[in-house]
Amino acid sequence: MLNSSLLVATNIDKNFPGVKALSQVNFTLQAGQIHALLGENGAGKSTLIKCLTGAYRRDGGDILLLGKNINPKDTLDAQKLGIGTVYQEVNLLGNLSVAENMMIGRQPMRWGMINVKEMNRYSKALLSQYGLEIDTSLLLSSYSIGVQQIIAIARAVDLSGKVLILDEPTASLDSAEVKMLFGILRKLKDRGLGIVFISHFLDQVFDISDQITVLRNGQLIESVATDEIDSIDLVTMMLGYELGEENKTKHYNHSQGEPLLSFTDFGKRQKINPFNLNIAKGEVVGIAGLLGSGRTETAETLFGVTAHDSGVAKLQDKVIDLSTPRAAIANRFGFCPEDRKNDGIIGDLSVRENIILALQAQRGWAKPLPLSEQKKLCEHYIKALDIRPTDPEKPIRLLSGGNQQKVILARWLATNPQFLILDEPTRGIDVGAHAEIIRLIESLCDKGMSLLVISSELDELVAYSHRVIVVREHQHVAEIIGADISTDNIINAIAANSVEPEYVLKGAI
Amino acid sequence: MNSLKRLAPQLITLAVIILLNYLVFPDFFNIKIANGKFYGSLIDVLNRGAPVALLAIGMTLVIATKGIDLSVGAMMAICGAVAASTVDSGGSVYLALSLALLAGVICGAWNGVLVAFLNIQPIISTLILMVAGRGIAQLITKGAILTFTDPGLIFIGSGSVFSIPTPILIWIFAGISVTFIVRKTALGMLIEAIGINQRASSFSGINARVLLIMVYVVSGLCAAMAGTIAAADIRGADANNSGLWLELDAILAVVIGGTSLLGGRFTLIGSLIGAMIIQSINTGILLSGFPPEFNLIIKAAIIVIVLIIQSPALKAHYQTYRDTKKPPEPAPAPSSRTTS
Amino acid sequence: MMQSRYLPLIATALIFVIAYALCYLQYPNILSTRVVGNLFTDNAFLGIAAVGMTFVIISGGIDLSIGSVIAFTGVFIAAMLANTSLHPLLVFGLALTISASFGAMMGGIIHYLQMPPFVVTLAGMFLARGMALVISTESIPVKHEFYTFIQESFYRLPGGGRITTIGALMLIVFIVGILLAHRTKFGANVFALGGGIQTSKLMGVPLASTTIGIYAISGFLAGLAGITFSLYTSAGYSLAAVGVELDAIAAVVIGGALLTGGSGFIAGTLIGVLIMGLIQTYIIFDGTLSSWWTKIVIGILLFVFIIMQKGFLLAASAPKK
């Protein structure tokens, strides 16, 4: 029976000082299977992966590859044994050609030198099996992330050939790219590869996987065939409790008063086409759209990260300057960016310094916030947002993603903004913190703050938005208001294929 | 208390080197007054260390922003030349000082604009002035060593106030005032913020450009003071040799002082101690009667030892050793080695 | 299709041609084979050292020690020839072994102790200069029939110009350098390192041997540049070649390499060296300009190239797909 099992891990233990990261975990991957590995942050899935690929040394248990006991000492060793890994951030080199990336270390040689022609030909032929017909002599950086991802997969499969581990491969892809990727995964599966697939997107998991294994707190919860489980059960397993209110849709009936902010013909060439947008006090405007559609670009243009080159912005009928983040902040704007690590946190500074940063920048360097006031602010927000650990002097980089997100929220709340832009506020954070942030959004808007929230999780948008703007191909294409807001309507608007933008403004403006 | 603990390795290093100096030269701590001025080896360390200490002040701030200023030596030459040529052509010492400082501000602003507005990497931006600066200085001195006899300017290099040599007073005063300004305002934190993550800092409303230009201007000002002291000391502006390789000493002082070349958290006091460590080494070699040929070798050896002690690789080993004894903290993001 | 990564190289070549044409209009003699031959001879040691620097810079590092290593090699050779009866070729071999090991040692420290190359090679710079001073603080003349033989063997070009042995040596070093950088696994690894150390590691690039190899090559070529310098000046002086590392860095940048690493051309460095040589030649032809203008013009050129690269990078980062 074990004959068809490609990779069998039994009773894997991994301890970090003081923490049991994995305890007696079993994991079995069949050849020709796509096996989803699920769990909250800290559940142990990346630890398990790292034990399989040799990035960590396991403390106990056995790993059998095709019935043979293996002990990979690092990822390269695992690769030689047949286990290849592709990470979310494409771990290839943009300054090398596509062919060099695929062939580095094993370039075909002729007369003691690299046979560049053969190297380009081989890699081109290899990629064409994946439906990519590209010039492999060009730099990798001249291709989109989606193409780079496929190149990384082709490379990993070519090098290892038995097991392919994909760690959040779809996180930075748009839906067309995801579709292409899944097509490739199915082909690889048919070729007999075993694929481990880690993703936060449950619908993708249901779409692509054959088997689902759920981990929680370093323990195996269950491993089931995908068609024998539904999403509610899956979430229950992952969380250990039922999801509450957050799954239901609430339809607000927000009476739109005088707009607080109005943007007319606001846009930036090559980023987002000019759009009109009004936002009332206490209103939550959701932005839906695929990655690269122009949703983040909308936020960045509003906040002055990329200065707009057309249109005007008015705050209660007064024209305002939004050419830089500083100008936007002066108008009491706030912005929690999508890329928390690179655009949000100041890693080495303490939680306290991260919280007061925007407020201090606003006051200017010459007027420092007294330490006692800093401490009071931090104490307040650490309590109000339930930031953990509670020590304000801890460097923020040591916090989990969800807590970092809360610190950045606190940074803006401390400046008392009237308009807050949140770009993917719940991306990459665990489900518990997820629910808290959604509650926070609702309570902020109850207090009269206006919000613009970008999210790829449509349920979430439906739950808190008074209005949803749909963005497609750098254009605001539809606006869905009040009771019309539903995932179906949003999906229809995103998927609509009209050449002419159907920019319909419904409701009062 | 806390900062004392953080600077312990630097203070211990300094103490050990001074002790070594004392062992090879028992008169090291002897200080006497002659011509109304303190004399002695210890004073000599403080006095000779003035240019590097001054440069280290500006360099610390620049390095904290994840930058580096390779042009400080060349700026010293330019500013020294400006001061010398001003008194040479009949200007007062005050005019000479003002023009030298102005030259420092202009040079610093040039570097700052390249870094802040054109987004050119600091090591590259300041390389330009490092290469061209000595040419400019020679242009001012017309290729010769420009000597002067103005007593006011000479006072900057070899005069004294309350028996303390002027250069010592200048660097200590500069060190204290910059530390005070940086730590009593929010400047220090904002500089650290842009050094750690400039993009996120800009998103939070920090005016990174102004701060960047500011730190390069401070570096230019420090170089101007150092250049004036160096010129006043030899009573002449030597465009070829003034401040030659001092940018390297200044960077070393900062690194030895405990500020990472990768930017972020900085300590000015650490850098000043670093400058004194370097100068103690120089003086010690001189005093020990070692043939001066060995200066550079010994200096290199000591740099290597100090740096190995501070090496991130060794620190990581020490960390894992400590972690096996203590409960761990959540794993920090893997820090990638960046090249400067 | 024209690949955009070659744009900096083309720009450098274009500037060189235009600059040469302008000089030619003013002083037609500047195109004589005599001047061209001297251009190669006079800049041979800089060119050889700059090839090593190109590898280092492509890998994202920097080597500040090369000027000192050139001086050390020169003094070492002169002292050996003055005090022993060893044949110069044997002494050259010894000198190259020492300089390559010296570079390898710095590479080892950079890799194993994870210290910034800037600081490590700075210590190397002090060390090599110090060693040179310890051997001799005075300039030591070299008098050996082998030197005379090398100096008098050259290839005569039509028009009276000469390709000297050291000029030819530089060209050979450049050709070998080009092949090593663009046609070997080692070369690909050097570029990979410049693209990102962590990623390179994950991709299986041997970090230790590549890093050590890069600095060993730089040390070796600095040693070879020292030999060239010794042949050029017939002397060894411990304070010679001060600041050559700066000239080499300037040549590499003018040659189209990114100081951040990951991109660069050995052939571009040759043009960079020739541009710098051309400036000096022009100043000599002019006769009224002072030598410090060289530094200022090189500074301006650096500025122009850096701004130009900025422009290329901006153009390259325009929306793709």
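Reader: Let's start with helix H3 (residues 41–48) of chain B: which residues are buried there?

Author: In this helix, B:Ser41, B:Asp44, B:Val45, B:Leu46 and B:Asn47 are buried, where buried means that 20 or more other C-beta atoms, placed from the backbone, lie within 10 Å of the residue's own, while 12 or fewer makes a residue exposed and anything in between partly exposed. This is a predicted model, in which local features need pLDDT of at least 70 and side-chain atom pairs count only at pLDDT 80 or more, whereas totals for chains, interfaces and linings use all residues. Residues are numbered from 1 along each chain as its sequence is written, and chains are lettered from A and ligands numbered from 1 in the order in which they are written.

Reader: And what do the buried residues of H3(B) pack against?

Author: They pack against H4, strand E5 (164–165), helix H9 (166–184) and helix H14 (268–287) of chain B; helices (H or I, at least four residues) and strands (E, at least two) are DSSP runs, numbered from the N terminus.

Reader: How many helices and strands does chain B have, and what share of its residues is buried?

Author: Chain B contains 16 helices and six strands, and 55% of its 340 residues count as buried. Where contacts in chain B link residues at least 6 apart in sequence, 77% of them join residues at least 24 apart, a contact being two residues whose C-beta atoms, placed from the backbone, lie within 7 Å.

Reader: What is the mean pLDDT of chain B, and which elements have the lowest and the highest?

Author: The mean for chain B is 83, with 89% of its residues at 70 or more, pLDDT being the predictor's confidence in each residue, from 0 to 100.

Reader: Switching to the largest nonpolar core, how many residues has it?

Author: It has 371 residues, and those with the most contacts inside it are B:Leu55, B:Ala56, B:Ile78, B:Leu190, C:Ala49, C:Ile70 and C:Leu302. Such a core is a set of buried Ala, Val, Leu, Ile, Met, Phe, Trp, Tyr and Cys residues joined through C-beta atoms within 7 Å.

Reader: What does B:Leu190 touch?

Author: Leaving aside residues up to four places away in sequence, B:Leu190 touches A:Ala361, A:Trp365, B:Ile206 and B:Leu211.

Reader: How many residues of chain A and chain B are in contact?

Author: There, 30 residues of chain A are in contact with 28 residues of chain B. The side of chain A that touches chain B takes its largest share, six residues, from H12(A), and it divides into 18 nonpolar, six polar and six charged residues. In that count Ala, Val, Leu, Ile, Met, Phe, Trp, Tyr, Cys and Pro are nonpolar, Asp, Glu, Lys and Arg are charged, and the others, Gly among them, are polar.

Reader: And chains C and B?

Author: For that pair, 41 residues of chain C are in contact with 38 residues of chain B, and the side of chain C that touches chain B has 28 nonpolar, ten polar and three charged residues.

Reader: Within chain A, is helix H9 (residues 295–302) buried or exposed?

Author: Eight of its eight residues are buried, so H9(A) is largely enclosed by the rest of the structure. Just after H9(A), A:Gly304 takes a positive phi of about 85 degrees.

Reader: Which way do strands E13 (residues 259–268) and E16 (residues 310–315) of chain A run?

Author: They run antiparallel, joined by five bridges, and A:Ser262 stands opposite A:Lys314 in E16(A); strands pair if DSSP finds at least two bridges between them. E16(A) also pairs in the antiparallel sense with strand E17 (residues 318–320) of chain A over three bridges, where the bridge partner of A:Lys314 is A:Val319. E16(A) and E17(A) form a hairpin with two residues between them, and A:Gln316 in the turn has a positive phi of about 45 degrees.

Reader: Last one: where does A:Ile229 lie, and why does it count as partly exposed?

Author: A:Ile229 lies in the loop between strand E12 (219–225) and helix H8 (231–239) of chain A, and it counts as partly exposed because it has 16 C-beta neighbours inside 10 Å. Not counting residues up to four places away in sequence, A:Ile229 touches A:Ile212, A:Val224 and A:Leu234.
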